[in-house]
Amino acid sequence: MNEPTQTQARRIAEEARDRVRFEEEALELSDQVFRVARHLVGSREEAEDLMQETYARAFRSWRSFTPGTNLRAWLLRILTNLNIDRGRRIQRTPQMTSIDEHGDYYLYDKLEEAEGTPLDEERVVERLSQDSIVEALAHVPHDFRDVLVLVDIGDFSYADTAQILDIPIGTVMSRLHRARRILKGELAEEVVN
Amino acid sequence: MSGYAFDPCARCEEVMQPYLDRDLSEEQMLEAEAHLDDCSYCRRRYRFEVSLRRYVRTATNEQMPLELKAKLAALRTPLH
């Protein structure tokens, strides 16, 4: 084997090793990615499809990932882009509903009203069923929900969320603030009814 | 102007979310803490917000199906 062929063989072997490492690391993160994906779309089936598309694309374009940067954020950037490509309408100026007008303490006040006695503020959330949380989250308009899911469920920083969704950090903060209010408004509706 | 002097509970409500996100200046964090120490009305609502966030996290924690995990693993480039 002459010199250039040896170098070439070594490069191919190194690349294969890097690729395998990348694939292993991406797979290790799949539980965490799924947790977020599940609530970015309407159903479990959609989330499963989206996960497969995301991983297929990630494995194809693994070379464009910069080692040492946040792989989970990189995977979610692919996933949110694919989700938008799947025909989701981008709401530039999302439609707001009246429930958005309530203050931050609205849900607490409604729960207290329903209870009639001072609340055990750490136990009262249990009056809300886990299903009702999932359902209320699904009612939050897409563009607000994306931010809420990435920050409050995915534990991403404002900066990572801004990068994943390709929006300014100020927009992340304002959408997050409103998304939490909308979610609480939805939950309060349930308490009232 | 911090706003605490005028209507402390309204100000506290205003900064509650950034306070929970630790997204306030040190001075603003201390002001909020001082108010929460003094005011049981706001403190109860603060504790509620903390437990609600935790509950949302728990309620939305859906496990990935094992079959999906296997499908993703099968997408890897085959080793020669």
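**View 1. Packing of helix 5 of chain A against helix 9 of chain A and helix 3 of chain B.** The buried residues of helix 5 of chain A pack against helix 9 of chain A together with helix 3 (40-59) of chain B. These buried residues of helix 5 (residues 106-115) are A:Leu107, A:Tyr108 and A:Leu111. They lie on the same side of helix 5 of chain A, because they cover an arc of only 100° around the axis. Just after this helix, A:Gly116 adopts a positive phi of about 80°. A residue is buried if 20 or more other C-beta atoms, placed from the backbone, lie within 10 Å of its own; the arc is that of the directions from the helix axis to the C-beta atoms. Helices (H or I, at least four residues) and strands (E, at least two) are DSSP runs, numbered from the N terminus.

The model is predicted: local features need pLDDT of at least 70, side-chain atom pairs count only at pLDDT 80 or more, and totals for chains, interfaces and linings use all residues. Residues are numbered from 1 along each chain as its sequence is written, and chains are lettered from A in the order in which they are written.

**View 2. The side of chain A that touches chain B.** The contact takes 32 residues from chain A and 26 residues from chain B (contact: C-beta atoms, placed from the backbone, within 7 Å). Elements of chain A that give two or more residues include helix 1 (3-28), helix 3 (44-60) and helix 9 (169-192).

**View 3. The helices of chain B.** Chain B comprises four helices and zero strands. Its C-alpha atoms fill a box of roughly 70 × 25 × 15 Å along the principal axes. Buried residues account for 22% of its 80 residues.

Terms used
Contact = placed C-beta atoms within 7 Å. Buried ≥ 20, exposed ≤ 12 C-beta atoms within 10 Å, placed from the backbone.
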